[in-house]
Amino acid sequence: MKIGIIVGTRPEIIKMAPVIRECQKRSIPYFIIHSNQHYSEEMDSIFFDELELPAPHYNLGVGSGLHSNQTGNILIKMEPILVDEKPDIVLVQGDTNTVLAGALAASKLNIKVGHIEAGLRSYDRMMPEETNRILTDHMSEFLFAVGPNQESILAKEGIAKDKIHSVGNTVSDSLFQHLEIAADKSDILASLGVEAKNYFLVTAHRASNVDIPSHLKELLALFDRLHDKFEQPIVWPIHPRTQAKLTEFGIEIPSYLKLSPPIGYLDFIQLQQNAQLILTDSGGIQEEACLLGVPCITLRENTERPESIEVGANVLVGRDADKALTAAEKWLSSENITWENPFGDGHVAERIIDICLANDKPAAEANDAIVAKNESITVVGMGYMGLPIACLLADAGYQVTGVDLNEQKVADINNAKCPFDEVGMPELLSKVVGQGFLKASQQVVSSDTYLVAVPTPHKGNSCDRSYVFSAVDAIANVAKDGQTVIVESTISPQTSLAVADKLKAAGLSIDVVHCPERAIPGQTLHELVNNDRIIGATSKTAQEKVKKIYQSFVQGEVFLTDLTTAECVKLVENTSRDVGIAFANELAEICNELDVDVYEVIKLANRHPRVNVLSPGPGVGGHCIPIDPWFLVEGTKSGDLVRKARAINDQRPQIVAQQAMAKLQSGQNKIGILGVAYKADVDDCRETPADPIFTHFKQAGLEVKYHDPFVEQWQCERVEEIADLDEWADVLILVTDHSVYQELAVSSAILNTRS
Ligand SMILES: NC(=O)c1ccc[n+]([C@@H]2O[C@H](COP(=O)([O-])OP(=O)(O)OC[C@H]3O[C@@H](n4cnc5c(N)ncnc54)[C@H](O)[C@@H]3O)[C@@H](O)[C@H]2O)c1
């Protein structure tokens with residue numbers, strides 16, 4: 001289970017602290033998002049430091065603002081974090097705009113919301129917090145109510161009883177955990193020049209009290225009356241908002257009022273615990289006062305904490321000085337003031353985490369649900385590479401359009417029918433199409449990002465870029481400035497720059513990125529996820545943007561570089577193999593002349609720790625190794641070795657064909673080919689060396705049949721059983737090392753081109 005913890009103001013930080021500590025204690029993965037709704041140093045980071053909490057993992061830095069603006073900003077910044085972090089549950093505490101925005105962002109992403117301090121109601125819709133509380137409660141899966149009052153409020157509002165958990169208030173945990181430390185560490189009383197139980201404490205920041213000059217003056221008149229009567233100093237850690245209003249309205253502060261800037265938590269609980277009386281318009285302080293056994297006069301007409309009134313610890317006075325005086329007189333004349341604590345036993349966070357863990361059984365369906373990102377990607381070319389990539393991006397939550405010119409392919413994909421065989425693809429395709437994250441189309445549609453995965457065949461030993469350019473033209477017709485084009489097709493060096501020029505010529509300001517594809521058929525999905533990635537781009541911004549996209553599904557490392565380097569990396573990988581194979585093939589010829597066994601030579605040479613000679617074979621096949629070296633050197637003067645290696649490997653089928661024919665006795669003319677695919681255990685015959693070998697046999701007038709368990713149709717008659725081919729043929733040639741040929745027992749003369 002992973003928990004997302006959202007805070008935004010001082011009380012939220014204090015009340016979440018025990019929950020954060022509980023996650024740490026139990027090693028539960030969690031992260032903290034701080035909206036920074038309270039944005040001054042005093043009001044905010046001081047609490048993290050003092051409470052020895054880890055710094056928030058994300059700080060949204062929204063600051064103050066009008067309510068909708070602040071809520072909207074939090075929502076916008078919160079969503080991508082939740083999408084990336086994928087928590088199982090998001091915990092919010094209280095009733096601020098941060099709470100509302102956090103709960104809304106999570107609930108829209110189908111992430112469960114746990115609301116700590118659920119069910120509080122003042123029934124005063126003029127208080128913005130009231131709307132926040134009600135909406136958050138109704139979006140939550142877990143409603144952590146303080147006690148029976150809130151439980152019954154929630155039940156009356158129609159919330160299912162099994163979602164409501166009466167747990168107490170985490171403020172009790174916080175207070176009990178910090179009282180001793182505060183007594184030890186805080187010297188606030190001395191620094192303010194007050195003595196324990198010989199001062200009143202005030203907090204007031206609510207707009208209805210401080211934003212209207214006459215109200216603020218009423219409040220000060222109330223303090224005057226109290227001071228006249230009891231002659232006590234009144235300590236007022238002043239909220240920046242209130243301070244600003246006092247200055248704005250030109251209100252003089254009497255000397256008995258000891259104003260201090262906002263103070264840290266430890267100092268504040270020390271001040272609360274030692275006050276004779278607390279006057280506040282805050283919600284949380286009513287609870288803290290009640291827990292600390294200090295009488296509280298609430299400078300409001302209502303409270304969502306009726307428990308403190310019920311037990312006799314709190315009285316509502318608004319700004320009515322008479323009422324305040326009456327309450328103060330009653331309490332201060334009494335010898336022994338006590339009440340029952342209705343707010344919890346200091347183990348509330350433990351209970352909350354227990355409940356989260358006990359319910360950590362997401363329904364299979366919910367588990368499988370794709371979490372949407374608000375970004376769109378169009379993948380052009382729905383082939384062996386494009387379609388799996390499109391599916392992985394869709395599974396990561398991107399809204400993907402898969403584009404292909406082939407009408408049948410588009411229809412198949414929209415019917416969740418995979419057009420080719422590939423491990424895991426049918427299941428993944430049906431998931432992403434079923435949940436509406438992948439749609440196929442014959443038209444390119446405007447998207448945040450475009451990914452090109454069209455063919456790049458070779459033509460006259462160079463890269464045929466016409467498919468890439470035509471895909472880019474189609475993109476240019478719908479693209480907008482600021483979008484990004486990723487080319488995944490294998491391309492000759494500097495093709496990406498040509499693509500960028502094309503887009504620029506179309507009047508577009510678009511980043512071009514090359515991210516070469518290096519997966520192999522048969523393991524495409526596995527390799528797309530697990531292989532490292534190379535991202536080439538001209539700007540850092542484009543590199544980072546595309547890195548984020550790939551990191552949504554890639555588990556390998558992602559390396560950033562420039563465009564042409566990325567192009568070369570992919571080509572060099574295959575060129576290096578081609579040159580290595582050419583060396584092995586050339587070695588086979590040398591050993592032939594010297595009459596030694598090439599395989600024995602290579603085996604013994606490879607015993608040296610720094611030698612790794614490849615094996616000779618019938619030639620090089622597939623859609624990459626015989627092609628990519630040509631792309632690498634097509635525009636360079638250098639590269640003779642690469643071209644020579646190509647020539648050696650291209651010649652190899654003819655050499656092995658001749659070696660096989662040399663085994664025919666006079667009068668014999670039947671040759672059987674074992675394996676025609678370009679590599680072991682696949683049905684792929686692209687560029688297979690079996691093709692030129694067959695051509696050579698036919699040109700020599702021989703009869704040819706083949707056996708291949710994977711390839712059902714090829715250039716000549718297929719023989720179902722190895723034994724039948726063996727019986728028919730005069731000579732066999734093993735071209736592809738399919739596993740079925742490992743224990744080959746045949747009576748015909750045979751040339752094994754693989755070992
Ligand atoms: N298949 C692999 O194993 C593999 C591995 C690494 C790199 N690559 C590279 O990836 C690229 C794509 O290879 P692939 O094997 O997926 O090709 P593919 O032939 O399987 O598929 C390409 C698809 O693109 C479509 N297409 C062509 N032009 C189009 C256009 N203008 N608009 C829309 N669709 C268009 C075709 O109809 C086809 O369905 C190539 O450059 C290839 O070299 C492939």
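Trainee: In which helix do Asp 640 and Arg 643 lie, and how many residues apart are they?

Mentor: Please keep in mind that this is a predicted model. Both Asp 640 and Arg 643 belong to helix α28, which covers residues 640–661, and they are 3 residues apart, about one turn of the helix. Their side chains meet in a salt bridge, at 3.4 Å from N to O.

Trainee: Why can such side chains pair at all?

Mentor: Side chains of opposite charge can pair when their charged atoms come close.

Trainee: Is Asp 640 buried or exposed? And what about Arg 643?

Mentor: Asp 640 has a relative accessible area of 57%, so it counts as exposed. Arg 643 is at 24%, and therefore counts as partly exposed.

Trainee: Which residue forms a salt bridge with Glu 544?

Mentor: That partner is Lys 540, with the closest N and O atoms 3.5 Å apart. Lys 540 is exposed at 55% relative accessibility, whereas Glu 544 is partly exposed at 35%.

Trainee: And Glu 22, is that one buried or exposed?

Mentor: Glu 22 has a relative accessibility of 7%, so it counts as buried. Its side chain meets that of Arg 26 in a salt bridge of 3.0 Å, N to O. Arg 26 itself is partly exposed, at 29%.

Trainee: How many salt bridges does the structure hold?

Mentor: There are 39 salt bridges in the structure. Some residues are linked in a network of salt bridges, among them Lys 15, Asp 95, Glu 117 and Arg 133.

Trainee: Changing topic, which domains does the chain have?

Mentor: The domain assignment gives domain 1 (3–168), domain 2 (173–343), domain 3 (370–561) and domain 4 (578–752).

Trainee: How many residues does the contact take from domain 3 and from domain 4?

Mentor: Domain 3 supplies 13 residues and domain 4 supplies 11 residues. About 990 Å² is buried between the two domains, and carbon and sulfur atoms give 63% of that area. On the side of domain 3, His 458, Asn 461 and Pro 521 lose the most area to domain 4, together 45% of what that side buries.

Trainee: How many salt bridges are found across that interface?

Mentor: The number across the interface of domain 3 and domain 4 is 0. The side of domain 3 that touches domain 4 has 7 nonpolar, 6 polar and no charged residues. Between the two domains, 3 residue pairs are in polar contact.

Methods: Residues numbered from 1 in each chain as written. Predicted model: local features only at pLDDT ≥ 70, side-chain atom pairs only at ≥ 80, totals over all residues. Heavy atoms only, no water. Domains from an automatic or database assignment. Contact = heavy atoms within 4.5 Å. Buried area = accessible area lost by both parts, 1.4 Å probe. Salt bridge = Lys/Arg side-chain N within 4 Å of Asp/Glu carboxyl O. Polar contact = N/O pair within 3.5 Å; in protein donor to acceptor, adjacent residues only side chain to side chain. Nonpolar A, V, L, I, M, F, W, Y, C, P; charged D, E, K, R; others polar. Buried < 20%, exposed > 50% of the residue type's maximum accessible area, 1.4 Å probe, protein only. Helix = DSSP H or I, 4+ residues; strand = E, 2+ residues; numbered from the N terminus.
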